[in-house]
Amino acid sequence: MNRKMKLLLAAAVSIAATGMAQEIIPGSTGFTSPYIDGDLAGQQGWGDVLNSGTNAFNVTDAAGTGYVDTVSTVLSTNGNYAYLDSTALGSAAGDEWDGVMDFTISTTTNAIDHSDFFRIGLSTVNTNGLGNNADDIALRVRSQSNGGLYVRTYGGGASVDLLEVDKTALGWDPAATNQVTDDLRLSWKLRETTVADTYTLVCSLENLTTPYTNTSAGVSMVCSNAYASSGLYTLMGRENQAFIGTNQVDEINITIDNLSIIKSTAQPVKLYPTPVSVDAGNAVVDLSWPDVAEALTYTVSRSDTIDGVYGTLI
């Protein structure tokens with residue numbers, strides 16, 4: 001029996017899109033004037049996160065192209081984070097955060113580690129970097145020893161891989177001394193759902209130099225403290241895992257050419273594809289999938305051929 005099963009997510013709670021969009025980080029001009037060259041902290045509302053190293057990012061060429069990087073900063077054993085106080089924008093069910101970051105990654109050696117080296121996201125506090133607890137919602141960029149990259153998040157204390165991208169798609173090969181990636185773009189949409197303590201997240205990674213796009217499935221995360229908060233800080237930083245090996249000399253660096261985060265309120269429900277597991281038996285196929293936050297029903301369809309017409313089973 002050669003049949004392909006397809007899962008369709010159906011009805012959902014409806015919320016009227018009557019909210020407004022507010023810029024946390026306007027990205028149209030990158031890090032140009034009124035930024036000036038030097039430490040990002042102390043400019044345009046950015047500050048150093050307590051209990052992490054200072055000078056997380058330097059602004060470079062603000063009078064020209066304008067970007068921030070970690071190349072000329074000193075990595076702390078506690079990591080280095082900067083934050084914006086975005087708490088006044090509030091946080092409530094139906095709110096969404098849309099982010100876009102244009103960046104490159106570079107390394108000072110041809111041998112890299114599995115390193116969870118960069119994180120960006122939201123937190124109830126500005127006193128620590130982004131961790132694995134109920135206060136934080138973070139996208140985590142992690143290198144692989146083979147030159148590939150993971151983008152992951154944490155929810156309810158469990159790691160969730162969103163994307164895996166190989167070195168060819170990134171346009172680099174550190175082992176062959178090509179130690180800078182192509183221009184990349186990470187985009188994401190984070191939603192505070194109407195389900196208690198629950199957020200959904202979907203992201204994509206593009207290579208802007210050589211056409212390539214990888215889009216994740218949607219994932220649900222439980223972050224109870226963040227959900228209960230009336231407002232959240234915006235944080236980004238480099239983890240001490242950016243050190244390569246034990247010599248604490250070689251590092252993985254990030255250069256951010258453009259960063260935009262837009263927060264919108266009272267947005268309608270959006271349902272994203274979710275991974276489906278198939279267990280084939282004797283004339284039986286068992287399907288399973290994670291719960292999709294805010295979905296009311298699921299529709300399962302079947303076709304006798306891969307490209308055929310699907311008929312509804314359930």
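Which residues line the second largest cavity?

## About the model

This is a predicted model, where local features need pLDDT of at least 70, side-chain atom pairs count only at pLDDT 80 or more, and totals for chains, interfaces and linings use all residues. Residues are numbered from 1 along each chain as its sequence is written, and side-chain values use heavy atoms, with hydrogens and water left out.

## The second largest cavity

Let's get to that opening question. The lining is made up of Ile24, Ser86, Gly90, Trp97, Leu122, Leu232, Thr234 and Lys263. A cavity here is a set of points, on a 1 Å grid over the protein atoms alone, where a 1.4 Å probe fits but cannot get out, and lining residues have an atom within 4 Å of a point.

This cavity holds about 30 Å³ of space, a volume being the space filled by probe spheres set on the points, with grid points joined across faces, edges and corners. Its lining splits into four nonpolar, three polar and one charged.

## The largest cavity

Searching the whole structure turns up two cavities of 30 Å³ or more. The largest has about 110 Å³ of space, and its lining includes Trp97, Leu122, Trp188 and Thr234. By class, you'll find ten nonpolar, two polar and no charged residues there.

## A look at Glu251

Over at Glu251, the relative accessible area is 12%, so this residue counts as buried (under 20%, with a 1.4 Å probe and protein chains only). Leaving aside neighbours within four places in sequence, Glu251 is in contact (heavy atoms within 4.5 Å) with residues including Leu75, Arg238 and Phe243.

Definitions and conventions:
Buried < 20%, exposed > 50% of the residue type's maximum accessible area, 1.4 Å probe, protein only. 1 Å grid on protein atoms, 1.4 Å probe; cavity = no way out; pocket = protein on both sides within 12 Å on 5 of 7 lines; lining within 4 Å. Nonpolar A, V, L, I, M, F, W, Y, C, P; charged D, E, K, R; others polar.
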